[in-house]
Amino acid sequence: MKQQLSLINTTSPVKTVGNNLKYSSLFSSDHRDYLLSPTGAKIKISDLEGKIVGIYFSANWYPQCQTFTKLLVKVYEHIKAKYGSNFEIVFVSSDEDLNAFNEYYQLHMPWLAIPFSDLETKKALNKMFDVEGIPCLIILQPNDNASVLHDGVELIYRYGVEAYPFSNERLDELLKQEKEKHERQTLSILLTNQDRDFVLTHSASKQVSISSLIGKTIGLYFSAQWCLPSHKFTPKLISIYQKIKQKLIQQDFNEENFEIIYVSSDHNEKEFESSFNSMPWLALPFRDPTNKDLTKYFDIRGIPSLIILGPDGKTVTKNGRSLINLYEEEAYPFTMARVETLENQMDEDAKNLPSMELHSGHHHELSLVSQGNGGGPFICCDCDEQGSGWAYQCIDCGYEVHTKCVRPVIRVSSA
Ligand SMILES: [Zn+2]
Ligand SMILES: [Zn+2]
């Protein structure tokens, strides 16, 4: 199973498509020179000229669209309140029928829409902007150098209202700000706020000062009780956390050189207590705003997620979960140099693996693949965890497992 990776463009995602982008030619049809408003009013397309316009491709039946719509409504209303009417969104529906469209549009969206019945215009827009998946938000600038921005969804998730007015200059500025922020990053800046300079611990003291954690390797563990994949990953992380501590003691290092802090997305205090009580490490207090701030700062899209901070407080890796899955306690201290050593070791070990393997969880023969050689990031079909690098894959089905997850088929011997 190929994993969908959200790649963040570090270069500017704006591309120029020509100078004569007119909203009237984009949104109208032979019979129509207006768009719908949620109240059913007809709004002249010519009213849009000169504005920044987002074209929103979405459908009610897709949960990812529903989630994004909620966020987009907030951002839209915020932009309207802050910058006035120079911005508009036009909904292009992929709903199954008129009822579904009406319910989704009228109840959930405050912006304009192409009428549901105008299949032709909707199709033409999908084609013109190469829409490959929903939700998709295309942003158009009204200036002479008409430019089209394709990853509006990504930008809204990442920057919210801050992304406005979505120009090249604005996006460059945001990237620069973000880079500077990460360069200034320290453990104290990340974890403390004006009301709190400690995290929670299970020991009698109940609190550990953040200053006492400076100089250590720290894992920020983003998780929640309602998250099913966490139920599998948390016990694994606990066992590896304990093994890393043991190893530090054996090597005459302080076992406190490594610590994990739980960053919770639990729905309520009770769930938080239950999660935290099952974990041997530290936690941010449940109602503390830093939980949300960190989720946003590290752009956490899915949990469980493990971010590793080095002794200098800088981010070592955002792929802690995947490294734990691949290398277990050997992954410590998660640095680039350590990962390189482990990758080389894995390449060495792979030389001794058979190029084909029969796995008892799948009925086709699996081939050994590696990064850049048929493989890439994947979700293991056997243990449901992330993987990358070497794997066994069924070319026909896309079925893919970690090399360590292969359970060879036992052939019954006739001897
Ligand atoms: Zn696996
Ligand atoms: Zn297969």
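Select arginine 158 to begin: with a relative accessibility of 16%, arginine 158 counts as buried (buried means under 20% relative accessible area, exposed over 50%, and partly exposed in between, with a 1.4 Å probe and protein chains only). Arginine 158 is part of helix H5, residues 152-159 (helices are DSSP runs of H or I with at least four residues, strands are runs of E with at least two, and both are numbered from the N terminus).

The model is predicted: local features need pLDDT of at least 70 and side-chain atom pairs count only at pLDDT 80 or more, while totals for chains, interfaces and linings use all residues. Residues are numbered from 1 along each chain as its sequence is written, chains are lettered from A and ligands numbered from 1 in the order in which they are written, and side-chain values use heavy atoms, with hydrogens and water left out.

**The whole chain**

Zoom out to show the protein chain. The C-alpha trace spans about 75 × 70 × 40 Å along its principal axes. The chain holds twelve helices and 22 strands. Of its 415 residues, 47% count as buried.

**Salt bridges**

Side chains of opposite charge can pair when their charged atoms come close. How many salt bridges are there? The count is 19, where a salt bridge is a side-chain nitrogen of Lys or Arg within 4 Å of a carboxyl oxygen of Asp or Glu.

Select lysine 80 and glutamate 88. Their side chains form a salt bridge, 3.2 Å from N to O. Lysine 80 is partly exposed, at 22% relative accessible area, whereas glutamate 88 is buried, at 8%.

Next, select glutamate 256 and lysine 216, whose side chains meet in a salt bridge of 3.9 Å, N to O. Glutamate 256 is in the loop between helix H8 (228-250) and strand E12 (258-264), and lysine 216 is in the loop between strand E10 (207-209) and strand E11 (217-223), so this pair ties together parts that are 40 residues apart in sequence.

Then select glutamate 330 and arginine 338. They form a salt bridge in which the closest N and O atoms are 3.1 Å apart. Glutamate 330 is partly exposed at 34% relative accessible area, and arginine 338 is partly exposed at 23%. For a network, select Glu154, Arg158, Glu178, Asp299 and Arg301: salt bridges with shared partners join these residues into one network.

**Backbone details**

Select isoleucine 303 and proline 304. The peptide bond from isoleucine 303 to proline 304 is cis, with omega near 0°. Proline 304 sits in the loop between helix H10 (290-297) and strand E14 (305-309).

Move to the loop between helix H11 (320-327) and H12, where proline 333 lies. A cis peptide bond, with omega about 0°, joins tyrosine 332 and proline 333. Glutamate 328 is in the loop between H11 and H12. Glutamate 328 is not a glycine, yet has a positive phi of about 50°; this residue is partly exposed, at 32% relative accessible area. Phenylalanine 334 also lies in the loop between H11 and H12, and has a positive phi of about 70° although it is not a glycine. Is phenylalanine 334 buried or exposed? Phenylalanine 334 is buried, at 1% relative accessibility.

**Last stops**

Select arginine 184 in helix H6, residues 168-184. Arginine 184 counts as exposed, at 53% relative accessibility.

Finish at aspartate 347 in helix H12, residues 336-350. Aspartate 347 is partly exposed, at 36% relative accessibility.
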